[in-house]
Amino acid sequence: MIYSSTDGHTKTICEKILNELGDLSQAKLVSLNDAFDLELSDYSQIIIGASIRYGKHSRDLYKFINFNKKLLEQKKGIFFSVNVVARKKEKNTPETNPYIKKFLKISKWKPNKIGVFAGRVDYPSYRLFDKYIIKFIMFITNGPTDTSKSYEFTDWLKVEEFAKELKLAR
Ligand SMILES: Cc1cc2nc3c(=O)[nH]c(=O)nc-3n(C[C@H](O)[C@H](O)[C@H](O)COP(=O)(O)O)c2cc1C
């Protein structure tokens with residue numbers, strides 16, 4: 001399981017999924033950075049989780065996928081995205097989330113299964129510039145704007161459900 005994350009929330013979601021899968025001993029959780037050094041063919045399943053920052057998944061994510069596309073297709077790789085747009089009901093499925101659509105278009109990879117989860121806004125930990133940009137985005141999208149607080153939008157039951165479906169598909 002590979003995570004592309006800036007503030008750690010995608011990693012936390014990965015840990016939750018692994019916990020649900022109940023095979024922590026066999027699974028390996030690595031950052032995207034470290035994943036470049038892995039021998040992917042040694043693994044039976046590959047799951048990639050990636051967060052959005054300023055409208056984009058990381059450039060390295062696309063590099064990694066491009067480099068390993070054949071293997072990801074052979075191994076029936078799985079992908080999920082973490083973003084705060086997904087806190088909105090009408091944008092929280094792979095079919096309706098704009099970042100998933102963009103991801104599929106750019107990566108030209110067809111994951112065997114796709115997930116999308118709402119992330120977290122942790123105002124106090126952001127540097128000033130990010131804090132006010134996020135506050136502005138939240139303001140125009142009717143989200144919370146109190147910069148002294150953190151907001152977790154993740155539906156953990158949905159994450160559990162995703163993990164259960166992965167289990168069933170094995
Ligand atoms: C600087 C910054 C920019 C962000 N830009 C977006 C964005 O454009 N769209 C969105 O839906 N979420 C955006 N987010 C929300 C993140 O996707 C969310 O905080 C997520 O939980 C981050 O996951 P991570 O901790 O794994 O990096 C942004 C967050 C930060 C801090």
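R53 is placed in the loop between β3 and α3, and in this predicted model its relative accessibility of 36% makes it count as partly exposed. Once residues up to four places away in sequence are set aside, R53 touches T6, D7 and D130, while its C-alpha lies 9.8 Å from that of V84, a residue 31 places away in sequence.

**Loop residues and backbone angles**

- Y54 belongs to the loop between β3 (47-51) and α3, and its phi is near 45 degrees, a positive value in a residue other than glycine.
- With a relative accessibility of 43%, Y54 counts as partly exposed, the class that R53 also falls into at 36%.
- N142, which lies in the loop between α5 and β7, likewise has a positive phi, near 60 degrees, without being a glycine.
- The relative accessibility of N142 is 72%, so N142 counts as exposed.
- As background to these angles, most residues other than glycine have a negative phi.
- T145 is found in the loop between α5 (128-140) and β7 (150-152), where its relative accessibility of 28% makes it partly exposed.
- The contacts of T145, leaving aside neighbours within four places in sequence, are with Y123, K135, M138 and F139.
- T145 and T6 are separated by 139 residues in sequence and by 21 Å in space, taken from C-alpha to C-alpha.

- Helix α1 has 13 residues, and the distance from its first C-alpha to its last is 19 Å, close to the 18 Å expected at 1.5 Å a residue.
- The buried residues of α1 are H9, T10, I13, C14, I17, L18 and L21.
- After α1 comes G22, whose phi is positive and near 70 degrees.
- Helix α1 (residues 9-21) and helix α6 (residues 156-168) have axes that come within 9 Å and cross at roughly 50 degrees, and the two helices are therefore oblique to each other.
- The crossing of α1 and α6 is right-handed, and the contact is formed on the α1 side by H9, T12, I13, K16, I17, E20 and L21, and on the α6 side by W156, V159, E160, F162, A163, K164, L166 and K167.
- Sorted by class, the contact of α1 with α6 consists of 8 nonpolar, 2 polar and 5 charged residues.

**Helix α3 and its packing against α4**

- Helix α3 (residues 59-74) packs with α4 at an angle of about 45 degrees, the axes being 10 Å apart, which makes α3 oblique to α4.
- The crossing in which α3 passes α4 is right-handed, and its contact involves L61, Y62, I65 and K69 of α3 together with K102, F103, I106 and S107 of α4.
- In the contact of α3 with α4, 5 residues are nonpolar, 1 is polar and 2 are charged.

- L61, located in helix α3, has a relative accessibility of 0% and so counts as buried.
- Neighbours within four places in sequence aside, L61 is in contact with L32, I48, A50, F79 and F103, and F103 is among the α4 residues that take part in the helix contact.
- Along the chain L61 and I140 are 79 residues apart, and their C-alpha atoms are separated by 29 Å.
- S107 is part of helix α4 (residues 98-107), and it is buried because its relative accessible area is 6%, where the cut-off is under 20%.
- Not counting residues up to four places away in sequence, S107 touches Y62, I65 and K69, residues that are listed on the α3 side of the contact with α4.

Terms used:
Residues are numbered from 1 along each chain as its sequence is written. This is a predicted model: local features need pLDDT of at least 70, side-chain atom pairs count only at pLDDT 80 or more; totals for chains, interfaces and linings use all residues. Side-chain values use heavy atoms; hydrogens and water are left out. Axes are lines fitted to C-alpha atoms, for helices over the stretch in contact, and angles run from 0 to 180 degrees between N-to-C directions. Helices (H or I, at least four residues) and strands (E, at least two) are DSSP runs, numbered from the N terminus. Angles under 35 degrees count as roughly parallel, over 145 as roughly antiparallel, 65 to 115 as roughly perpendicular and the rest as oblique. A crossing is left-handed if the near helix is turned anticlockwise from the far one by less than a right angle, and right-handed if clockwise. Contact means heavy atoms within 4.5 Å. Ala, Val, Leu, Ile, Met, Phe, Trp, Tyr, Cys and Pro count as nonpolar, Asp, Glu, Lys and Arg as charged, and the others, Gly among them, as polar. The expected span of a helix is 1.5 Å times one less than its number of residues. Buried means under 20% relative accessible area, exposed over 50%, partly exposed in between (1.4 Å probe, protein chains only).
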